[in-house]
Amino acid sequence: AESGTVVSIVAIEGNTDPGIESYATGSFGWVAAGELDKLISFLLSSGADEVILAGAVAKREMLLDPAALRPDARALALLAGLSDRGDDAILSALARELESEGLRVIDSTHHLGDRLTPLGPLGTLSPSEALLADLDLGLRVAKSLGEHDVGQTAVVKEGQVLALEAAEGTDAAIRRGAARGGSGTVLVKAAKPGQDLRF
């Protein structure tokens, strides 16, 4: 919005903080996670030509209550065409569907270049050799999870993997790892190898 871009937001029921509405400078609406036709109609009627996919969809809750998705015929057809139901496969199919309607899905950081974290330590302290070893282990494990489209987060302390991310999401992995490790616990979250940065 700071660049003069009109920002319309469509939020996912049961997943998105209602406070997000205050960031919309254009249209705002709600959809269930499976209402693909409604999502596309909203984007087209708002005049969108670029789409950024941001935030998380609570997969655990969907597994417990699939009816909450309220999938429409278009969403069911999209899912039926997938042999792989991992995050990447679903998001790639969603992007193809949006782009088939002239809605270009762009990198989520496209408008945030001045806000991205620079490479290297952010503070004045340098990490110890033990911390660097934990970071290295965490990065290798997180990338391995990513290769299998399972998750992207590993929590490590003193050479021990304390928690890994799966369907329950990053926050739950962090809580589990912190509860086991306490002070000095290392969190590593990494892009999946070859990850499409639109997601």
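Reader: What is the handedness of the crossing where α3 passes α4?

Author: In this predicted model, helix α3 covers residues 73–80 and helix α4 covers residues 87–99. The crossing in which α3 passes α4 is right-handed.

Reader: Which residues of α4 make the contact, and how many charged residues does the contact of α3 with α4 have?

Author: From α3, the contact uses R74, L78 and L79. From α4, it uses I90, A93, L94 and E97. By class, five residues of this contact are nonpolar, none is polar, and the charged ones number two.

Reader: In the hairpin of β5 and β6, which residue takes a positive phi?

Author: Strands β5 (residues 153–157) and β6 (residues 160–164) pair in the antiparallel sense over four bridges. In one of these strands, β6, L164 is the bridge partner of A154. Two residues lie between the strands, and the positive phi, near 50 degrees, belongs to E158.

Reader: Is G4 buried or exposed?

Author: G4 sits in the segment before β1 (9–12). In space, its C-alpha is 9.6 Å from that of T25, 21 residues apart in sequence. Exposed means over 50% relative accessible area. G4 has 59%, so G4 is exposed.

Definitions and conventions: Residues numbered from 1 in each chain as written. Predicted model: local features only at pLDDT ≥ 70, side-chain atom pairs only at ≥ 80, totals over all residues. Heavy atoms only, no water. Pairing = 2+ DSSP bridges. Axes fitted to C-alpha atoms, helices over the stretch in contact; angles between N-to-C directions. Left-handed = near helix turned anticlockwise from the far one by under 90°. Contact = heavy atoms within 4.5 Å. Nonpolar A, V, L, I, M, F, W, Y, C, P; charged D, E, K, R; others polar. Buried < 20%, exposed > 50% of the residue type's maximum accessible area, 1.4 Å probe, protein only.
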